[in-house]
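I opened this entry to record what I looked up, one topic at a time.

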Number of protein chains: 2
Amino acid sequence: MYKDTSTAEIDIALEKAVKAYHQYKTYTLKQRADFMRTIALEIAELGEELIDTAMAETNLPQARLQGERARTIFQLNSYADAAELGNWLEASIDTALLERTPPKPDLRKMLIPLGPVVVFGASNFPFAYSTAGGDTACALAAGCPVIVKAHPAHPKTSTLMADAILKAARKTDMPDGIFTHVYGAGFESGVYLVKHESVKAVGFTGSFSGGKALFDLANQRKTPIPVFAEMGSVNPVFLLPEKLATETETLAKQMAGSITLGMGQFCTNPGLMVAIDDKSLDKFIVNLKREIEAITPAKMLHQGIAANFNEKLEKALAQKGVQLIGQTDDTQTEGKVLISVATASGKTFLANPVLHQEVFGPYSLIIQCENEKELLAVAKAMEGQLTATLMATTKDIKNHQQLLDEVQEICGRFILNNVPTGVEVALAMHHGGPYPASTDGRFTSVGADGIKRFARPMSYQNWDDEFLPNELKNGNPLGIWRTVNNELTKLPLDEKNV
Amino acid sequence: MYKDTSTAEIDIALEKAVKAYHQYKTYTLKQRADFMRTIALEIAELGEELIDTAMAETNLPQARLQGERARTIFQLNSYADAAELGNWLEASIDTALLERTPPKPDLRKMLIPLGPVVVFGASNFPFAYSTAGGDTACALAAGCPVIVKAHPAHPKTSTLMADAILKAARKTDMPDGIFTHVYGAGFESGVYLVKHESVKAVGFTGSFSGGKALFDLANQRKTPIPVFAEMGSVNPVFLLPEKLATETETLAKQMAGSITLGMGQFCTNPGLMVAIDDKSLDKFIVNLKREIEAITPAKMLHQGIAANFNEKLEKALAQKGVQLIGQTDDTQTEGKVLISVATASGKTFLANPVLHQEVFGPYSLIIQCENEKELLAVAKAMEGQLTATLMATTKDIKNHQQLLDEVQEICGRFILNNVPTGVEVALAMHHGGPYPASTDGRFTSVGADGIKRFARPMSYQNWDDEFLPNELKNGNPLGIWRTVNNELTKLPLDEKNV
């Protein structure tokens with residue numbers, strides 16, 4: 001049904017995207033925001049057809065998809081608001097001092113768009129991180145045309161979304177080429193896109209191997225481009241002694257819920273729990289086993305993901321020293337898998353890198369540490385993570401200052417007494433951890449700061465007010481926040497400064 | 001005199017740097033700023049010994065070095081001020097909404113340091129972009145210990161600077177390992193440093209081949225790290241028709257001064273001038289020839305740079321269609337070179353990539369374009385540049401809107417009717433162009449925004465006020481700007497928000 005887009009078609013799309021870029025970057029922030037808000041409206045207009053189509057393609061339940069649709073619409077609207085507010089532009093002005101020797105020139109800086117952006121749809125978020133998802137919204141907000149490589153697992157859903165975007169583009173008079181949808185069952189079209197000289201940045205959500213391949217391709221180009229790949233993560237949860245002793249049952253319930261939420265198919269799924277091996281931990285394990293085994297597994301997103309989970313689970317459980325401690329009943333039918341939890345000692349974990357790897361799906365490993373020293377060693381041995389969580393009382397925190405320090409080094413979001421699943425769309429969210437959680441932990445893929453991924457600073461020296469972008473004109477016609485001579489202000493420049 | 005630092009010594013230095021990092025990152029912004037200001041004082045204390053040493057090692061004249069010392073001190077002080085002001089932290093807070101379904105957690109985000117940073121000293125700025133230069137200042141401001149690979153062309157100067165930094169570190173009670181100076185005549189120690197797992201970022205100013213090699217090494221690490229390499233650039237100057245016709249002599253004088261400033265050894269040296277071939281351009285060329293030939297060449301930084309200039313100049317002038325039109329008298333003594341200007345047609349330029357490359361030193365090539373169309377084609381054919389300059393009247397600007405648009409695509413700083421040499425240390429400065437001008441044109445190496453190169457965002461979810469960094473506490477004890485629920489403010493949180 002969805003024929004692979006040919007390289008010739010991609011060339012034409014990118015030629016159009018480049019033309020669209022030169023027009024779109026001159027559009028006002030308000031025009032960009034209106035376009036995004038219209039996309040949100042068009043998505044809402046799709047109604048139940050969108051939900052039904054996604055249910056058929058992804059195995060995700062109705063309520064989850066309704067929630068994800070609301071989130072996708074919220075993202076588009078909130079990033080549109082942020083785009084228009086203009087704080088992300090980081091506008092700054094240093095006025096001239098002509099009497100100085102040598103004269104100090106007038107300098108004005110703001111972020112400008114990078115150019116056409118390629119976005120790879122994710123399988124686990126068919127709306128929020130796919131065709132009309134967060135990466136697309138951020139790129140459009142920044143002033144960049146978008147070329148989406150539709151995820152082959154949900155082409156119909158993606159096409160509905162693409163049609164909504166194109167309808168919104170027509171309604172708001174966007175240039176032809178502002179958005180293109182590309183289909184491809186294999187890797188070829190993705191590789192071709194990332195190597196294309198007209199492409200200036202890449203957004204990706206998916207596996208480590210996929211993200212790493214794109215990152216390497218992009219760095220090997222004649223002109224390297226940034227790749228923002230949000231990849232795997234095991235999102236360790238540290239269960240500290242007093243908390244574990246006093247809230248054993250509650251924690252087991254919370255963790256069972258987080259491990260199995262959406263059948264473990266969230267990038268913030270807690271794949272590791274770390275604690276000191278004591279009686280409370282034994283009790284926690286008994287409780288967790290009971291909680292897990294009481295859950296009825298749902299189907300995973302598609303058969304490929306289920307097969308991949310089964311393969312990785314088998315490998316994880318086959319490692320020396322790993323003991324399965326809880327598993328759902330054998331309900332293995334197409335797309336269904338066994339929710340599982342296991343244990344291993346700190347020593348086992350420290351000695352075996354396989355146990356540090358993500359098993360994408362409903363599986364979590366409890367690391368039983370001999371003592372505080374080993375707990376710290378386990379934390380230090382971990383790779384970069386999207387999130388790290390501390391379940392701790394005030395006393396626990398005070399007793400584990402070095403652990404707190406080390407855990408911050410490995411994560412992008414540090415959580416106290418909340419589960420890592422559930423990624424709030426907010427400015428203060430950071431969704432991007434140190435490598436290999438993402439290719440560039442300095443940027444977020446959730447929240448309006450994600451707009452900055454697709455922009456770069458440009459400094460204008462000695463330009464007349466008439467020719468400056470509105471954002472940098474003396475009178476501050478857009479009323480945005482700007483740093484003028486090192487002070488944040490919304491005021492126009494003083495006459496003495498001009 | 002300066003023995004190469006061994007890999008064993010580097011290992012020890014990095015072990016200390018990691019320890020220092022864990023301490024230093026807990027220091028207040030004020031403590032960091034005080035350390036930097038004390039370095040500035042210690043540099044001033046070095047007095048004439050610093051200038052004399054640098055004169056002997058670099059061939060740079062006294063006045064230039066005095067100016068560069070003032071700039072280095074200014075950088076340290078102004079980045080210290082910026083560090084303390086805290087705007088660069090991009091602190092943001094989204095307060096909880098516990099009554100929402102699901103409850104919205106409290107999220108607080110700010111930039112935190114990356115870890116130990118390696119800085120490669122530059123040959124052309126023995127103070128401002130070397131041991132105690134801009135990269136070092138930015139990394140210290142961000143909270144990162146620094147390991148400097150001293151530039152082998154001025155080891156004594158670098159050692160004086162390193163001693164000043166270490167003295168300031170002792171005076172302000174900085175942890176052992178906060179700063180290390182590494183010597184190495186060859187590439188080995190630099191390569192070893194960039195591959196070292198304890199190193200988290202790299203700052204570099206120098207050649208394209210050097211910067212590219214470090215960039216590739218860093219990307220091939222198991223855990224890739226960012227490399228901020230500021231590399232070559234030809235900094236094109238577009239001389240538009242009306243401006244060229246009305247200010248022919250002034251422009252020739254300005255350009256001759258900019259081409260030969262510091263014997264062309266600035267990264268913003270204008271290596272290309274582009275204009276439409278008309279009578280005004282002929283007159284400009286006659287004037288430029290006269291101006292250039294009236295200049296008495298000085299020695300270049302060292303014999304290696306002079307030899308490199310001669311080799312590249314010879315190659316550039318040997319290209320088909322390139323015509324030498326002005327050159328200083330034969331004053332070739334050790335370290336001296338012939339200041340040269342040449343011409344080529346737009347067609348010649350478009351057909352020959354050699355002419356797009358930087359010839360580091362006092363040489364510039366005038367591209368004579370047949371018409372407006374060719375002028376635009378020449379602009380579009382250029383690679384990424386640190387700067388691009390327009391010499392234009394208001395009418396010229398109005399007549400060349402497409403040129404303006406295209407030129408912005410290739411540069412990081414866009415200048416009107418100023419020469420590109422002279423890089424102001426200011427927040428609104430952007431010194432970093434699209435690749436290959438720098439490896440990451442999204443970051444600047446001049447101005448306080450350069451601090452952000454060595455930091456990453458960290459999001460704290462659901463933490464008690466008591467355990468949050470001061471920057472994010474409810475009461476805003478540091479009085480910094482923060483974005484609270486999407487609004488910039490210095491106010492503490494309202495009681496209703498906490």
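**Helix packing around α2(B)**

I first looked at how α2(B) passes α6(B), and the crossing is right-handed (left-handed if the near helix is turned anticlockwise from the far one by less than a right angle, right-handed if clockwise). The contact, meaning heavy atoms within 4.5 Å, is made by F35(B), T38(B), I39(B), E42(B) and I43(B) of α2(B) with M161(B), A164(B), I165(B), K167(B), A168(B), A169(B) and K171(B) of α6(B). By class this contact of α2(B) with α6(B) has eight nonpolar, one polar and three charged residues, where Ala, Val, Leu, Ile, Met, Phe, Trp, Tyr, Cys and Pro count as nonpolar, Asp, Glu, Lys and Arg as charged, and the others, Gly among them, as polar. Helix α6 covers residues 155–171 of chain B, and α2(B) packs on α6(B) at an angle of about 135° with the axes 8 Å apart; the two are therefore oblique to each other.

I note the conventions here. This is a predicted model, in which local features need pLDDT of at least 70 and side-chain atom pairs count only at pLDDT 80 or more, while totals for chains, interfaces and linings use all residues. Residues are numbered from 1 along each chain as its sequence is written, chains are lettered from A and ligands numbered from 1 in the order in which they are written, and side-chain values use heavy atoms, with hydrogens and water left out. Helices (H or I, at least four residues) and strands (E, at least two) are DSSP runs numbered from the N terminus. Axes are lines fitted to C-alpha atoms, for helices over the stretch in contact, and angles run from 0 to 180 degrees between N-to-C directions. Angles under 35 degrees count as roughly parallel, over 145 as roughly antiparallel, 65 to 115 as roughly perpendicular and the rest as oblique.

Next I took α5(B), residues 134–142, whose axis comes within 9 Å of that of α2(B) and crosses it at roughly 155°. The pair α2(B) and α5(B) is therefore roughly antiparallel, and this crossing is right-handed. R32(B), F35(B), M36(B) and I39(B) of α2(B) touch A137(B), L140(B), A141(B) and A142(B) of α5(B), a contact of α2(B) with α5(B) that divides into seven nonpolar, no polar and one charged residue.

How do α2(B) and α4(B) pack? I find α2 (residues 29–45) and α4 (residues 62–85) of chain B at an angle of about 170°, with their axes 8 Å apart, which makes α2(B) roughly antiparallel to α4(B). The contact of α2(B) with α4(B) has twelve nonpolar, two polar and five charged residues.

**Sheets**

I then traced an open sheet of five strands in chain B, in the order β5-β4-β3-β6-β7 with parallel pairing (two strands pair if DSSP finds at least two bridges between them). β5 (179–182) and β7 (227–230) of chain B stand at the edges, each with a single partner strand, so one side of each is left without a neighbour in the sheet. Neighbouring strands of this sheet are turned by 15° against each other on average, direction ignored. β6(B), residues 201–205, pairs with β7(B) over four bridges in the parallel sense, and T205(B) stands opposite E230(B) in β7(B).

The other open sheet that I followed has twelve strands and mixed pairing, in the order β10(A)-β11(A)-β12(A)-β9(A)-β8(A)-β13(A)-β14(A)-β15(B)-β2(B)-β1(B)-β16(B)-β17(B). β16(B), residues 482–484, and β17(B) pair in the antiparallel sense over three bridges, and the bridge partner of V484(B) in β17(B) is E487(B).

**Relation of the chains**

I superposed chain B on chain A by a rotation of 180° with 0.0 Å of shift along its axis (RMSD 0.0 Å), by least squares on the C-alpha atoms of residues with pLDDT of at least 70 in both. That is the relation of a two-fold axis, and in chain B the C-alpha nearest the axis is that of N219(B), 3.8 Å from it.

**Backbone details**

The bond from T101(A) to P102(A) is cis, with omega near -10°, and P102(A) lies in the loop between β1 (92–94) and β2 (107–113) of chain A. Another cis bond runs from Y435(A) to P436(A), with omega near 5°. N462(A) has a positive phi of about 70° although it is not a glycine.
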